[in-house]
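Q: Hey, I've got a structure here that's new to me. Can you walk me through it?

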Amino acid sequence: MPDAYSSCFLVDTHAHIDGPEFDADRHEAIARAAAVDVRYIVNFGDDMASSARSVTLSEEEPAVFCGVGIHPNNAVLLTPEDEEALALWAKHPKVVAIGEIGLDYYWEKDPERRARQRQCFIRQLDLARQLHLPVCIHDREAHGDLLTILKAEGRENTGVIHCFSGSFEMAQELLRLGWYLGIDGPVTYKNAAKLPDIVRRLPLDHILLETDSPYLSPLPYRGKRNEPAFVRNIAEFVSNIKGISFASLAAKTTANARRLYNPTTRSEERRVGKECRS
Ligand code: NI
């Protein structure tokens, strides 16, 4: 992500705008984001086809970077061809992460398919390490297994737990292990439970802002299609929770996004992450 801007702009660090929900107005949605100073969007694939679409979109749109990977809800095992394609994409200048990968025990109840999710997740953690890319992790109702895997297989990985939904204690543990936490629209919901309080108590240096478009629209758009411009509403809400200015919140979270996803600082981040863990 280029350097030549003021630090007041925002980055939507997690979106899915390659899919059919945006077929009618994808380029307009990117322009609407730019108009409210959301300068970059990181779009994530959730299978091989959407990963390919994400790479193409990043080639067409200067503001779009992307992650490639297989989402746990697909619960497939990687074929040698998939691994080859991921390795090839990893060399692409606009590919900044392996993701969206992880565990989803909310939608998946079958023990065998859950085991397959874990296998697919661990294999992609392994690939990300070999390819020197951070990972973007989906964790829904799988907090225990996620922490176990990150402490065993994920010790040398870096990345973000996207749409964080765990406890304050889990957040602290993940920060100690060097992970970033992604905060999305649900932080603005009236039934958000503990999330606003967790965000209020956490240091800002490992927080990323994300929309997860087209899902999880923040207030006042809840129930409608989400889009990258709305990361601004999340930023406004979080700056109020933290009692800091919008500009300061934007500068810090944008710096975090660039520290994690900027290829030139990636090796430095890995070193810092390791120091945090020791
Ligand atoms: Ni997502």
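A: One term before we start: buried means under 20% relative accessible area, exposed over 50%, and partly exposed in between, using a 1.4 Å probe and protein chains only. Also, this is a predicted model, where local features need pLDDT of at least 70, side-chain atom pairs count only at pLDDT 80 or more, and totals for chains, interfaces and linings use all residues. Residues are numbered from 1 along each chain as its sequence is written, and side-chain values use heavy atoms, with hydrogens and water left out.

Q: Ok, strand 7 then. Which way do its residues point?
A: Y180 and G182 point one way, L181 and I183 the other, and all are buried. In a regular strand, side chains alternate between the two faces of the sheet. Helices (H or I, at least four residues) and strands (E, at least two) are DSSP runs here, numbered from the N terminus.

Q: What is strand 7 joined to by two bridges?
A: Strand 6, and the two run parallel. V160 stands opposite Y180 in strand 7. Two strands pair if DSSP finds at least two bridges between them.

Q: What's the strand order in the open sheet?
A: The sheet has eight strands in the order 1-2-3-4-5-6-7-8, with parallel pairing. Strand 1 (10–15) and strand 8 (207–209) are the edge strands, each pairing on one side only. From one strand to the next, the twist averages 30 degrees. For angles, axes are lines fitted to C-alpha atoms, for helices over the stretch in contact, and values run from 0 to 180 degrees between N-to-C directions.

Q: And which strands does helix 2 touch?
A: Helix 2 (residues 48–60) packs on the sheet, touching strand 2, strand 3 and strand 4 (95–104). Its direction makes about 160 degrees with that of strand 3. Contact means heavy atoms within 4.5 Å.

Q: Let's stay on helix 2. Is S50 buried or exposed?
A: S50, which sits in helix 2, counts as buried because its relative accessibility is 3%. A polar atom of its side chain lies 2.7 Å from the backbone nitrogen of D46. Leaving out residues up to four places away in sequence, S50 touches D18 and G45.

Q: What about strand 5, why is it called largely enclosed?
A: Five of its six residues are buried, so the rest of the structure largely encloses strand 5. Strand 5 pairs with strand 4 in the parallel sense over five bridges, and I101 stands opposite I137 in strand 5.

Q: Switching topic: what coordinates the nickel ion?
A: H14 (NE2), H16 (NE2), E100 (OE) and D212 (OD) do, at 2.1 to 2.3 Å. Donors are N, O and S atoms within 2.8 Å of the metal (3.2 Å for Na, K and Ca), and water is not among the atoms, so sites may look incomplete.

Q: Why is the arrangement irregular?
A: The four donor atoms subtend angles of 82 to 174 degrees around the nickel ion, which makes it irregular. Four donors count as tetrahedral if all angles lie between 85 and 135 degrees; four count as square planar and six as octahedral if opposite donors are over 155 degrees apart and all others between 65 and 115; anything else is irregular.

Q: How are those donors spaced along the chain?
A: They follow H-x1-H-x83-E-x111-D. H16 lies in the loop between strand 1 and helix 1 (26–35), and D212 in the loop between strand 8 and helix 8 (231–242), so the pair ties together parts that are 196 residues apart in sequence. Both H16 and D212 are buried.

Notes. A polar contact is a pair of N or O atoms within 3.5 Å; within protein, one must be able to donate a hydrogen and the other to accept it, and residues adjacent in sequence count only if both atoms are side-chain atoms.
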